[in-house]
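I opened my notebook to look up a few things in one structure. The entries below follow the order in which I looked.

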Amino acid sequence: MLRVKSIFVLCLLIIVGTLLSGCQSHPTHADATQVNGVQAMTIKISHVVAENTPKHKGALKMKEVIEEQSNRKIRVEIFPNSSLFGDKDEYQNLIANNVQFIMPEMTKLVGSEVGFNIPGMPFLFENDEAAENFWDGPKGKEVLARLQKDKVLGLTMWPNGAKHVTNNNHTISSPSDFAGLKVRTTGGQLLEELYKSLGAGSSSIPFGELYTALQQGTVDGQDNPYSNIESKKFAEVQEYLTIIGMNRVDYALLTNTTFWDGLNDESKRIVQAGIDAGTEIARDSAEKLNDEAYVKIQNESDIEINELTDEEIEAFKEHLQPVYDKWKEIIGEDIIEDAEKR
């Protein structure tokens, strides 16, 4: 009789366990017990900018391709506008696998790898294509791979474009016009030194807090591509826009090794297909969105726009040459020389 009861209890436990496992939601990481076929999971993608930006367009394409090719066994959730994690905490949460993909502005990563100062190098890349060619090449991939010491995989580069400067004090036409300004930048040792050489102070206020900082006068100005300036409505709280293209905003698409190594071959193939498609869309949309944003800024705001002449640009290049030479050596002459050829 005791034996019969024991068997009954064992069967009951098996049935309950089966029912409970069937009720579980998708895990937020790969199920390592699934050897063949697509693993059921939910992938989180977090970023800090608005929806009408190259970064968000690329993330949407990743979601579309991954969910379609997995028949929605893999679900993708996108969190824009710092709604999940912000500039200050997204990298550590990636390492902890609390999020599976982030796309930080590269200069946010300089604490882990000095090579991510590259977008801050003054007038290094002529356009998006040159920057893309560098990061797709051997030296760019070398820099991306250095994050593996943090258990982070640098997958590829998504462009945003050349940065232009807005401020509330006066028109900027020469290096001396920066004197006394406090400018919010994307951060990094190089950018701090660059603005210091121009006589300006710099601050790395989180992007999600920048509109308020400009509105309240915490900083006098900021530097960003047109799409970021327009999508966040910075022209509402700034009086002057200087078209200078002194450096760039470029993003590194990152994942973590815990997530990536837990994918089986089929799931990894699908996720990689999403990455490839998202990268294509992000790159294709960057120039178009910046052009559209510039037209909107012209037509829908009262900001005064000043486009620097070739001679004025040359004056900035000459002024910043010592900074460029110093950081070329710090980052690596072989790396910067490769970038210069693009």
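**Entry 1: cavities.** A cavity here is a set of points, on a 1 Å grid over the protein atoms alone, where a 1.4 Å probe fits but cannot get out. Grid points are joined across faces, edges and corners, and a volume is the space filled by probe spheres set on the points. I note the idea behind this: rolling a probe the size of a water molecule over the atoms shows where empty space is left. The largest cavity holds about 100 Å³ of space. I then listed its lining, where a lining residue has an atom within 4 Å of a point. There are 13 lining residues, and those closest to the centre are Val-48, Glu-105, Thr-186, Phe-207 and Tyr-251.

**Entry 2: what I am working with.** This is a predicted model, so I kept to its limits: local features need pLDDT of at least 70, side-chain atom pairs count only at pLDDT 80 or more, and totals for chains, interfaces and linings use all residues. Residues are numbered from 1 along each chain as its sequence is written, and side-chain values use heavy atoms, with hydrogens and water left out.

**Entry 3: the annotated site.** Which residues does the UniProt annotation "binding site" cover? The record, an unreviewed entry, gives Glu-105, Lys-163, Arg-184 and Asn-224. They are spread over 120 residues of sequence but cluster in space, with a largest C-alpha distance of 14.0 Å. From this set, Glu-105, Arg-184 and Asn-224 belong to the lining of the largest cavity.

**Entry 4: Glu-105.** I found Glu-105 in the loop between strand E3 (101-102) and helix H4 (128-136). Helices (H or I, at least four residues) and strands (E, at least two) are DSSP runs, numbered from the N terminus. Is Glu-105 buried or exposed? Glu-105 counts as buried because its relative accessible area is 7%; the cut-offs are under 20% for buried, over 50% for exposed and partly exposed in between (1.4 Å probe, protein chains only). Leaving out residues up to four places away in sequence, Glu-105 touches Pro-119, Thr-186, Arg-248, Val-249, Asp-250 and Tyr-251. Touching means a contact, with heavy atoms within 4.5 Å. The side chain of Glu-105 also makes a polar contact with the side chain of Thr-107, at 2.2 Å. A polar contact is a pair of N or O atoms within 3.5 Å; within protein, one must be able to donate a hydrogen and the other to accept it, and residues adjacent in sequence count only if both atoms are side-chain atoms.

**Entry 5: Lys-163.** I placed Lys-163 in the loop between strand E4 (152-162) and strand E5 (164-167). Lys-163 is buried, at 1% relative accessibility. Beyond four places in sequence, the residues that Lys-163 touches include Thr-186, Asn-224, Arg-248 and Val-249.

**Entry 6: salt bridges.** How many salt bridges are there? I have 19, counting a side-chain nitrogen of Lys or Arg within 4 Å of a carboxyl oxygen of Asp or Glu. I looked up three of them.

- Glu-67 pairs with Lys-63, with the closest N and O atoms 3.0 Å apart. Both lie in helix H2 (residues 54-69), 4 residues apart, about one turn of the helix. Glu-67 is buried at 9%, whereas Lys-63 is partly exposed at 27%.
- Lys-139 and Asp-334 meet at 2.8 Å, N to O. Lys-139 is in helix H5 (residues 138-145) and Asp-334 in helix H12 (residues 333-340), so the pair ties together parts 195 residues apart in sequence. Lys-139 is partly exposed at 22%, and Asp-334 is partly exposed at 39%.
- Lys-328 pairs with Glu-337, with the closest N and O atoms 3.9 Å apart. Lys-328 is buried at 17%, and Glu-337 is partly exposed at 35%.

I also traced one network: salt bridges that share partners join Glu-113, Lys-139, Glu-142, Arg-146 and Asp-334.

**Entry 7: backbone angles.** Ser-82 is not a glycine, yet its phi is positive, about 60 degrees. Ser-82 lies in the loop between strand E2 (74-79) and helix H3 (90-95) and is partly exposed at 25%.

Notes: UniProt positions are given in the numbering used here, feature names are shortened, and annotations may be inferred rather than shown by experiment. On a 1 Å grid over the protein atoms alone, a cavity is a set of points where a 1.4 Å probe fits but cannot get out, and a pocket is an open set with protein on both sides within 12 Å along at least five of seven lines; lining residues have an atom within 4 Å of a point.
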